[in-house]
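Please look over the two-chain model below before reading on.

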Amino acid sequence: MFQMTRKILPVLAISTTIAGFSVAAQAADQWVVDANDSEIEFTGTQLGAEFEGEFKNFDANIVFSPDDLAGSSVEVLIDIASVDTENGDRDSQIVSSDWFDANQWPKATFKTKSFKEIAPGKYEAVADLTIRDVTREVTLPFDIEIEGNEADASGAVTINRTDFGIGQGQWADTSQVGDPVTIEIDIEATRK
Amino acid sequence: MAIKSHKNGFGFATKSLHWIMALLMLVVFTIGWYMDFLPLGMAKLEWMSRHKSLGVTILSLAILRIVWRLCEPTPRSLSPHKLERVVAKLGHLALYGVMIAMPLSGWMMSSAANFPVSVFGLFTLPNLVAPDKELFETLKTVHWLLSWAIVVLVVGHIGAALKHHFIDRDATLRRMLPGKIEDN
């Protein structure tokens, strides 16, 4: 049955595209993130010097198969309050209303719209990134290694914090807290 | 004026370093206290940035000054009292010590706070210690204690110079002032 499905998949894909349905999503594999071995980190600049931090808690719904990119999708919900830059004062600033305003917008979301293979094991995800009440399209290049039921994906994308309203009022000035912030992901996941 | 010091007077290099560092220490000290009272905002960050950059400048000049001092003769003390000479020696040693320890504790404090030091936006110093909240609190106290140690040492230093000038009426203060080394 599986063999047959594989053979008729291209035909199905065409017909379902025409019909406006997608069965491809069911063909891509579902993955469960290994929270202990996965990280969402970021690098910002303050007073001209780089510093690193991470969001410790996030939920991810990952459906991904290299041979079914059209049916692949990733949605990540990041818990803003779990930010850790190893500096208590800065962490409490980050969640405050001038920055992420975690009370009003406790989660940032990353939701893919499409994937593209750029080389074997290397892909690009076009996704909507929502922080505060601002949604912007970002392109995240990432590498993925799949061995058996284990996958290791890593990638980085640089965004401008002011595009998302991160830093209100006086903090919109980027001279002391730099505009570009690089988000790095390192995700280890197990096939469901 | 000679670049190097000799047995009776200070050279141009040492005099310059002495006065430039005196001015810088006054400026960095003032900024340090001022920024501490500012609420968290752009102004505070701007002053912190200047405080750190100038602090690193002091550290570099202090190293240069110590190396330079080891490479030239030190003018002899003008005090006839042994105790005064010993106290002066200890005072100078302590001043050299805080010139190094103060910026170093600030640099370590920044590292412990995961707040690396950029020098005038030109380059970033490596972190001396890994981020550590407890260590940060300790270093903050050390930095604060050293600031008071500097006040005590500098007041003693100026007081001694004035005593030499107005009471002993010797050339101790005059020979550190700009001018021909022979005049001192």
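**Helix α4 of chain B**

The buried residues of α4(B) are F136(B), L139(B), H143(B), I150(B) and H164(B), where buried means that 20 or more other C-beta atoms, placed from the backbone, lie within 10 Å of the residue's own, exposed means 12 or fewer, and partly exposed covers what is in between. Helices (H or I, at least four residues) and strands (E, at least two) are DSSP runs, numbered from the N terminus. The model is a predicted one, in which local features need pLDDT of at least 70 and side-chain atom pairs count only at pLDDT 80 or more, while totals for chains, interfaces and linings use all residues. Residues are numbered from 1 along each chain as its sequence is written, and chains are lettered from A and ligands numbered from 1 in the order in which they are written.

**More on α4(B)**

- The buried residues of α4(B) pack against α1 (12-37) and α3 (82-112) of chain B, with two residues taken to be in contact if their C-beta atoms, placed from the backbone, lie within 7 Å.
- Helix α4 of chain B has 36 residues (133-168), which should span 52 Å at 1.5 Å a residue, and the 51 Å between its end C-alpha atoms agrees with this; the expected span is 1.5 Å times one less than the number of residues.
- E134(B) lies in this helix and counts as exposed because it has 8 C-beta neighbours inside 10 Å.
- Between E134(B) and L17(B) there are 117 residues in sequence and 36 Å in space, C-alpha to C-alpha.

**Chain B as a whole**

- Chain B has four helices and two strands, and from the N terminus on its elements follow the order α-α-α-β-β-α.
- Along the principal axes, the C-alpha atoms of chain B fill a box of roughly 50 × 30 × 25 Å.
- Of the 184 residues in chain B, 24% are buried.
- Where contacts in chain B link residues at least 6 apart in sequence, 61% of them join residues at least 24 apart.

**Nonpolar cores**

- The largest nonpolar core has 34 residues, of which I40(A), I62(A), F64(A), I78(A), F100(A) and A125(A) touch the most other members; such a core is a set of buried Ala, Val, Leu, Ile, Met, Phe, Trp, Tyr and Cys residues joined through C-beta atoms within 7 Å.
- Strand β8(A) gives the most to this core, with five residues.
- Apart from this core lies another, of 16 residues, which include M48(B), A112(B), V117(B) and F136(B).

**Contact between the chains**

- The contact takes 17 residues from chain B and 14 residues from chain A.
- On the side of chain B that touches chain A, the largest share, five residues, comes from helix α2 (residues 42-71) of chain B.

**Paired strands in chain A**

- β9(A) and β10(A) pair in the antiparallel sense over six bridges, where pairing requires that DSSP finds at least two bridges between two strands.
- The hairpin of β9(A) and β10(A) has two residues between the strands, and in it G148(A) takes a positive phi near 60 degrees.
- E147(A) stands opposite E150(A) in β10(A).
- β10(A) and β11(A) run antiparallel and are joined by 11 bridges, and A156(A) has E184(A) in β11(A) as its bridge partner.
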